[in-house]
Amino acid sequence: MMEQWITHLIVLPILLPMLCGALLILFSRRNFSLRFAISALSTAAQFVIALCLLQLVEKNYWTGDIGVYLAANWVAPFGIALVVDRLAVLMLLLTSVLGIGALCYSAARWGRVGVHYFSLFQFLLMGLNGAFLTGDLFNLFVFFEVMLAASYGLLLHGYNSTRVRAGMQFIVVNLLCSSLFLIGVALVYAATGTLNMADIAARTPSLPASDRQLLHVGAAILAVAFLTKSAIWPLSFWLPTTYSAASPPVAAMLVLVTKVGIYTVLRLWSLIFSGEAGESAGFGTTVLLWGGVITIAFGLIGMFASQEPGRLASYSAIISSGTLLSVISYGQASLTGAALFYLLSSTLAVAAFMLLIELIERIRNPAAAMLALTMEAFAIEDEPKESAGVAIPGALAFLGLAFAGCALLMAGLPPLSGFIAKFTIFHALLTQNAQAALGYPGWTLIILIVVSGLASVIALMRFGVRTFWATPIAKAPHLQAIEAAPIFALLLICVLFTVQAGPLKRYLDRTAASLHEPQQYIHQVLSQPAVPDTGDTP
Amino acid sequence: MEAILAISIGVLFGSGVWLILRPRTFQVITGLLLLSYAVNLFIFLMGRAKLNQAPITLTENIDPSQFADPLPQALVLTAIVIGFASTALYLVVLLASRGLTGTDHVDGRESAQ
């Protein structure tokens, strides 16, 4: 009996936000604290569930550490299967941590602005969790749409003309992507006759040549849809406008939405086009590698060109997408483990920066900032003033330190986890194969990652100096504890990543190793028996 | 029949792409609608074009080639519902943008000419 209940834990990260989101619609407008309490409880419960799933996966509860939930008790290739493995658990944890952070931040102001903010937030979490858990290609489409529909609503939250314009373009891009997604799914179905990811992977090695062509075309079209979401160049032009227009807690969640595209590419490519896929092995990975490299280059140019903090964060997210895509394109366990470390660290850092931007904007005096810009352009030296030793208010000190932390993480400088992430990537790249030389793609990648770090340092320093030092602070900032706490917590997690880098890296290496042995996944999903009919239920 | 379906999907898709690249929001939404029609037909066709045939049932010992594939039909239904809802949402945003900016240009302002 207990075992059955434990298996139902897998579906809870989808059901819980759905039910809470629906419940929250009933309390629209009135009673803010009740609405906040419901959504905070739901998000915290998702965190606890994710922790439980992590325990189950780590304590070898399921054979092969892969738990399969058969929806409506249909066996795998026919019904929809939900699959929880180390990667899915990792992404669930990341989602709930970011969710708690963004939700706490929005308690101060943004949650009170619109009508259905909290419901949409829960639906967004439902879509994200579902996309990470599902083992079925069409079901993935459905969860993508749930996630996107919620993000359209959230993007328009705090309704003004900038947001409506950004929202319009974001919606068109994503509707187009959904069309491509459907075409890709239909082609994959036509080629393999199945939509279950494990079943597709099992059938790929023995496909006849004509169907293999069709599968490749389908996979390429699917990849266009996913890569638009993960903002690969030249499909990334929607990102800076959207991110800088969104309200801060929404922008923090959108950082994670970008990572869903990367997760899907990693999941499908490591499963379907693994080394065991016969002629299809490694399909399209060269394109992925070079696409990622060009994306990094695009991001670093954008970083130099940006003045606004929102756009700086956007281009930082683009650089992180490019790095991840090109590193996972190698399809090797050591590199994937390093990429996952980078994914965790960069997602938390950019999300924290998105939240921080609004607080920093409060101390910025637009006129003074413009003056500083002009002085810099014409190289006007300030009259050296006598340093009077002004006491720095606590709030300002917090902002400055938090900004420095974010900048260190985004640029990948020691001592924080951004540096460790980049270091592990370099280490994995250089030691991946002792015999074969790294080749010019590998060196290009390493050089670009280093240069992009440098670009981030320069761009963020320029912004930081101009904001905190060069301009007279117009007014002392007012920070509420509930706004500062999430930023502090997200940065603290990154510090923990640094201190506990060893255990975390070992977990990520296990994750990557099981990802690159798809036979286990395929076997677990396809051999999961249906729950037998006990006969005692009416 | 495949040829007719393929040509109509091609025409729908081509017109949709052309309309999406136009500067007016109404043209864009019409383009999106045409695209979703093309995509729905395409999914339908991926179950192989068959006329007047019942879907596969649970009866044993049947010849699958005599039956239509029911799965793409189910997929099309889902895709229609989702596409319809997102397009309706876009319609709302379109009207909001028209109200806020006073123009139906996708950039929210008329291009300087």
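This passage describes chain B of a predicted complex, its contacts with chain A, and one helix of chain A. Residues are numbered from 1 along each chain as its sequence is written, with chains lettered from A and ligands numbered from 1 in the order in which they are written. Because the model is predicted, local features need pLDDT of at least 70 and side-chain atom pairs count only at pLDDT 80 or more, whereas totals for chains, interfaces and linings use all residues.

The predictor assigned the complex an ipTM of 0.92 and a pTM of 0.90. For chain B the mean pLDDT (the predictor's confidence in each residue, from 0 to 100) is 85, and 95% of the residues score at least 70. Among the elements of chain B, the highest mean, 92, belongs to helix H1 (residues 2-20), and the lowest, 87, to helix H3 (residues 70-101).

Chain B contains three helices and zero strands; helices (H or I, at least four residues) and strands (E, at least two) are DSSP runs, numbered from the N terminus. The order of elements from the N terminus is α-α-α. The radius of gyration, taken over C-alpha atoms, is 19 Å for chain B, well over the 13 Å that the globule rule gives for 113 residues, so the chain is more spread out than a compact globule. That rule is 2.2 Å times the number of residues to the power 0.38. Along the principal axes, the C-alpha atoms of chain B fill a box of roughly 70 × 25 × 15 Å. Of its 113 residues, 26% are buried. A residue is buried if 20 or more other C-beta atoms lie within 10 Å of its own, exposed if 12 or fewer, and partly exposed in between, with C-beta atoms placed from the backbone.

Contact between the chains involves 23 residues of chain B and 21 residues of chain A, two residues being in contact if their C-beta atoms, placed from the backbone, lie within 7 Å. On the chain B side, helices H2 (25-45) and H3 each give two or more residues, and H3(B) gives the most, with 13. This side has 17 nonpolar, six polar and no charged residues. Ala, Val, Leu, Ile, Met, Phe, Trp, Tyr, Cys and Pro count as nonpolar, Asp, Glu, Lys and Arg as charged, and the others, Gly among them, as polar.

In chain A, helix H13 (residues 285-305) reaches 30 Å from its first C-alpha to its last. Its buried residues include Leu288(A), Gly292(A), Phe298(A) and Met303(A). Among the elements covering the buried residues of H13(A) are helices H10 (209-229) and H19 (439-470) of chain A.

Conventions:
The expected span of a helix is 1.5 Å times one less than its number of residues.
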